[in-house]
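Dear colleague,

I am handing over the structure below, and I would be glad if you could look through it alongside the notes that come after it.

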Amino acid sequence: MSVGIVGGGQLGRMLALAAAPLGIECTVLDPADDACASVAANHLRAEFDDTAALARLSTECDAVTFEFENVPAEGLAAVNLPRPPASALAASQDRLTEKQLFERIGIATAPYRAVETLDELRDAVAEIGTPAVLKTRRLGYDGKGQARLADPSDTEDAWSTIGAAPAIIEGLVEFERELSIVAVRGAGGEMAFYPLTENVHRHGILRESRAPAAVDAAGAASLAQTARRYAQSLLDELDYVGVLALELFQHGPRLLANEFAPRVHNSGHWTIDAAPTSQFENHIRAVAGLPLGATEPAGECVMLNLIGGAPSTEQILAVPGAHLHLYGKQPRPGRKIGHVTLTATPGLTAEEAAERLRAAVETAAR
Ligand code: AMP
């Protein structure tokens, strides 16, 4: 059995590492000579819109998936039956179609309007009010392609910051915290859900995740139920096969969807060390048409992202319960180069272990 993966970054690397023990060989398609997945997979060097290379990946592998959201959706048309389907990728690539999809299937979001011109933006600001956030419809990620409007006088500046591109403006949600749910749907339509994860971002980049998210006894059941209902509706609506992540804002008892990623997700990296089956293995299982694995973790864990730099390996591994994952990427400011998951060990909780590393991780980050 073989799986082709469009994209050879850290997600492709962790997918290939999860596939190997199942006897599944992976080939990644990526233009970079130093694609970090190539330590664990065959490497087909080609651009993401090279339809001949995509067709070759499709012919040579039993199934094809992607780990990178900005794959041109038209390029995927050269692939026979990509998993997840190209329509899921297309829906997630445009913030407007994504929000419309959420609305259509009953997933709550912040109020939003589509805008194409400065005049339309002025009208939308008058309707939605401020504070608000303006986001380009396409090719935004990790907080890029966004501008905040504290009050209506910021309208012109925000419009030029995002480069006057087709955009949506959203009301700024005064969330208590950010959560996500990672879910998987198998080739036969069966589903499994990881518990809600709590995420902390800085400058639009995920810094830390905690799973399962702490929930007070009263709110726990309903938040988890709502998140599952949202994820299930999305998976079914998209006739999805594979892992999907849905990012959410919690505002009191409400969950508002921000966006979904049609792929394995940074907020699910903890599943490698703390869930019976990781998101990477479950994605490979789904794509390969195999039974899904159990998702419920035995205990709590904390995941710290290593961004732009990392403490020494010795320092990290000296903490009991620390599981280090370096991606083999050259450190650059703002670049995710690895993560550490902390799990409980006798006498030390996951949070206590994280507290021993947090300051060093932050000091090393650039
Ligand atoms: P995004 O690129 O949409 O994931 O946004 C990056 C980060 O900006 C999110 O993780 C939030 O922290 C913040 N953000 C985006 N949209 C909103 C919103 N409507 N209200 C409040 N915060 C937001």
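The notes below cover a lysine, a pair of helices and a glycine.

This is a predicted model, in which local features need pLDDT of at least 70 and side-chain atom pairs count only at pLDDT 80 or more, while totals for chains, interfaces and linings use all residues. Residues are numbered from 1 along each chain as its sequence is written, and side-chain values use heavy atoms, with hydrogens and water left out.

Lys 329 sits in the loop between β16 (322-326) and β17 (336-343), strands being DSSP runs of E of at least two residues and helices runs of H or I of at least four, numbered from the N terminus. Lys 329 is buried (under 20% relative accessible area; exposed is over 50% and partly exposed in between, with a 1.4 Å probe and protein chains only), yet it has no salt bridge (a side-chain nitrogen of Lys or Arg within 4 Å of a carboxyl oxygen of Asp or Glu). The nearest side chain of opposite charge, Glu 67, is 8.3 Å away, where Lys and Arg count as positive and Asp and Glu as negative, with His and the chain ends not counted. The side chain of Lys 329 does reach the backbone oxygen of Lys 336 at 3.0 Å.

The axes of α1 (residues 10-19) and α10 (residues 279-287), lines fitted to C-alpha atoms over the stretch in contact, come within 8 Å and cross at roughly 70°. The two helices are therefore roughly perpendicular (65 to 115 degrees, with angles running from 0 to 180 degrees between N-to-C directions).

Gly 189, in the loop between β9 (177-185) and β10 (191-193), is partly exposed, with a relative accessible area of 22%.

Terms used. A polar contact is a pair of N or O atoms within 3.5 Å; within protein, one must be able to donate a hydrogen and the other to accept it, and residues adjacent in sequence count only if both atoms are side-chain atoms. Angles under 35 degrees count as roughly parallel, over 145 as roughly antiparallel, 65 to 115 as roughly perpendicular and the rest as oblique.
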